[in-house]
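Hi everyone, thanks for coming.

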Amino acid sequence: MEINQPAPDFALPDLEGRIHRLSDYRDRIVILNFWSCECPHSERGDAQILSRLPHLGPDVLLLSIAANRNEPAEALDQAARARGLPTVLLDADQAVADAYSAQTTPHIFVLDRAGRLRYRGALDDVTYRQRAPARVFLDEVVGALLEGRDPPLTETPAYGCTIVREL
């Protein structure tokens, strides 16, 4: 999957069983967040994203995608409710994680209003040595797209917990 090319469409159920199709969200900027209920990096990322989401406006949508094989539905639901996540999609067979080559939780993918991949990678520049972000990549990318500009960066290394692909 190449930057500036159409992102693969998908249809996944949410925690209540309703199907969400990525193509239904064209005309909005979509943040795909490969997500975990157990990963501390994912929990920190959720707090950061959710604190920013209201300021980004109604044209920006967050879809969290649960793709770890070892996380039971009850734990996913409990964490999603506790963190206040608007939509968590279940990628039980990891088809979407594979199509996007998602490696970690969190692993962020930002799609423009036309459904093209404009960014993939980390939420910010936090590392094991740098505990507080100096740059929030998500803000830079989404801000540029909202202003009709090309994002200042298109890819960064993702960090976090590795997506569990086998039990």
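Let's begin inside: by class, the lining of the largest cavity has 4 nonpolar, 1 polar and 3 charged residues. Here Ala, Val, Leu, Ile, Met, Phe, Trp, Tyr, Cys and Pro count as nonpolar, Asp, Glu, Lys and Arg as charged, and the others, Gly among them, as polar.

A word on the source: this is a predicted model, where local features need pLDDT of at least 70 and side-chain atom pairs count only at pLDDT 80 or more, while totals for chains, interfaces and linings use all residues. Residues are numbered from 1 along each chain as its sequence is written, and side-chain values use heavy atoms, with hydrogens and water left out.

Which residues line the largest cavity? They are Leu-22, Tyr-25, Arg-26, Arg-28, Val-30, Leu-111, Asp-112 and Gly-115. A cavity is a set of points, on a 1 Å grid over the protein atoms alone, where a 1.4 Å probe fits but cannot get out, and lining residues have an atom within 4 Å of a point.

Now to helix H2, residues 73-83, where Leu-76, Ala-79, Ala-80 and Arg-83 are buried. Buried means under 20% relative accessible area, exposed over 50%, with partly exposed in between, using a 1.4 Å probe and protein chains only. Helices (H or I, at least four residues) and strands (E, at least two) are DSSP runs, numbered from the N terminus.

How do those buried residues sit around H2? Seen down the axis, they fall within an arc of 100°, so they line one face of the helix; the arc is that of the directions from the helix axis to the C-beta atoms. The face turned away from the buried side carries the exposed residues Glu-74, Gln-78, Arg-81 and Ala-82. Covering the buried residues of H2 are, among others, strands E3 (29-35), E4 (60-66) and E5 (88-90), along with H1, where contact means heavy atoms within 4.5 Å. After H2 comes Gly-84, with a positive phi near 75°.

Finally, the whole protein chain: 4 helices and 9 strands, running β-β-β-α-β-α-β-α-β-β-β-α-β from the N terminus on. Of its 167 residues, 50% count as buried.

Notes: On a 1 Å grid over the protein atoms alone, a cavity is a set of points where a 1.4 Å probe fits but cannot get out, and a pocket is an open set with protein on both sides within 12 Å along at least five of seven lines; lining residues have an atom within 4 Å of a point.
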